[in-house]
Amino acid sequence: MKLWKTILAAAVLALAGSQAFAARTDLVIGITLEPPHLDPTAGAAAAIDEVLYANVFEGLTRIGPNGEVLPDLAESWAISDDGKVYTFKLRTGVKFHDGSDFDAGDVKFSLDRARADNSVNAQKALFAAIDTVEVVDPATVKVTLKNPQGSFLYNLGWGDAVIVAPESADTNKEKPIGTGPFKFQSWAKGSSITLVKSDTYWGAPVFLDKAEFRIVPDAAAAVPALLSGDIQAFPFFDPDSVAQVKDDPRFKVVIGSTEGETILAINNKKPPFDKLEVRQAIAFALDRKAIIDGASAGLGVPIGSHMSPASKAYVDLTGLYPHNVDKAKELLKQAGLENGFKAMLKLPPPSYARLGGEIIASQLRDVGIDLEIIPVEWAQWLDQVFTKKDYDLTIVSHTEPNDIDIYSRKDYYFNYDNPAFDKIIAELNLTSDDAKRNTLLGEAQKILADDAVVGFLYELPKVGVWDAKLQGLWENAPIQANDLTKVKWTD
């Protein structure tokens, strides 16, 4: 009897010990901006993908942590010799979170919807090369392009290209239903968005049972939230706050790269910004080092055109417009503006914009350009600046990957129009050879720099801070995402 009691006690202690040291399965993640809605196929805000990409929604392909194209809902594909026909073999047994089956019909619906005349997809241009989408059988889709497109498989990995079901597409903004490893549980507006593990996921099960994205717009509140343990990870942390946690062994501080070209955007068709000399004057007036030091704690990498320094196609054009107040004043004089002029600078909420805006306003004031700073909320920025083009200048970080083609879009908010640039982008879209593509991308970067289309500032650093016991969060940000598929707690 005593032996039995001893064995029983030991078993109880062992069980208690295993429970005490079992790895956590919940996570609270801090994000700065609240998404305007939860449908990646119907909005330009990066915050949508930062919550939902790879977690709730999936595409035919996906982009990995190093920017590579990986299979996703398409397990394989074949490409015709002329590069125009892609035949995708789909995974079978996949279900949407509402229990409905995923098949080729959903792929056709999603791609046709994204490229339709009435499409509200923020990246509709990604699908412009598609001619037809055919259902061969429930597990096979054939996509025929109007012309070869070297970036087609990469484009399908964007958040804008995720697959949705016709039954739930119209309600995804409030109740997103995808095929991913997490399903949507709740959205407390202004507070948090909660995802929970999907028990019907087709792939490898995730380690987390629950993930809450806590909205923390005030950078000053992030550090206390970390120190108290209320929030365990900030994948995109305010660079100015890093010093407060970098020496704390409880946290890991990771500084990586992004695809976020941070720019002083210019309305190219609005006088006097329609004059090349004015835009060039602005470029010479900008002191990138001071902007980087003040707006990104010195962590940003200066850029001279719209390309990430991490890209193999990157051309360093930062020397084209060195900081030169006298040169800026001379160019304004050539433009007939020797007495300067007034303009509006609309600034969205991120600290890089608000802090950078103050610095840039001071620098432009030195050459005679007097800026009225107008802070706007993110929804206002999307409406006034991005959609209605009602602005003079603004600051924003373009986090979409490999998106230099946006300067060729006639309805884009830069209001830029250059046939020579458009010709290069058209040729780029027809080219799949990497070396040739890199040459064309170099030429495109040079045109944008010569035209001073915008004020190119720096590549946004990805500063991540999270609990030292967390593994699997992305160190770099090749796309705008917080992919939780590999995230887990260690002992």
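Here is a quick look at a strand-and-helix region and a pair of helices in this predicted model.

Four strands make an open sheet, in the order 4-5-7-6, and their pairing is antiparallel. Strand 4 (74-79) and strand 6 (130-137) sit at the edges with a single partner strand each, so one side of each has no neighbour in the sheet. Going from one strand to the next, the twist averages 20 degrees.

Now look at strand 5 (residues 85-90) and strand 7 (residues 140-145), which pair in the antiparallel sense over five bridges. To find your place here, pick out Val85, which stands opposite Thr144 in strand 7.

## A helix on the sheet

Helix 3 (residues 104-115) packs on this sheet and touches strand 5, strand 6 and strand 7. The direction of helix 3 makes about 170 degrees with that of strand 6.

## Helices 11 and 12

The crossing of the two is left-handed.

Which residues make the contact? Helix 11 brings Ala420, Phe421, Ile424, Glu427 and Leu428. From helix 12 come Lys436, Arg437, Leu440, Leu441, Glu443, Ala444, Ile447 and Leu448. Sorted by type, the residues of this contact between helix 11 and helix 12 are nine nonpolar and four charged, with no polar ones.

Key:
Residues are numbered from 1 along each chain as its sequence is written. This is a predicted model: local features need pLDDT of at least 70, side-chain atom pairs count only at pLDDT 80 or more; totals for chains, interfaces and linings use all residues. Side-chain values use heavy atoms; hydrogens and water are left out. A crossing is left-handed if the near helix is turned anticlockwise from the far one by less than a right angle, and right-handed if clockwise. Contact means heavy atoms within 4.5 Å. Ala, Val, Leu, Ile, Met, Phe, Trp, Tyr, Cys and Pro count as nonpolar, Asp, Glu, Lys and Arg as charged, and the others, Gly among them, as polar. Two strands pair if DSSP finds at least two bridges between them. Axes are lines fitted to C-alpha atoms, for helices over the stretch in contact, and angles run from 0 to 180 degrees between N-to-C directions.
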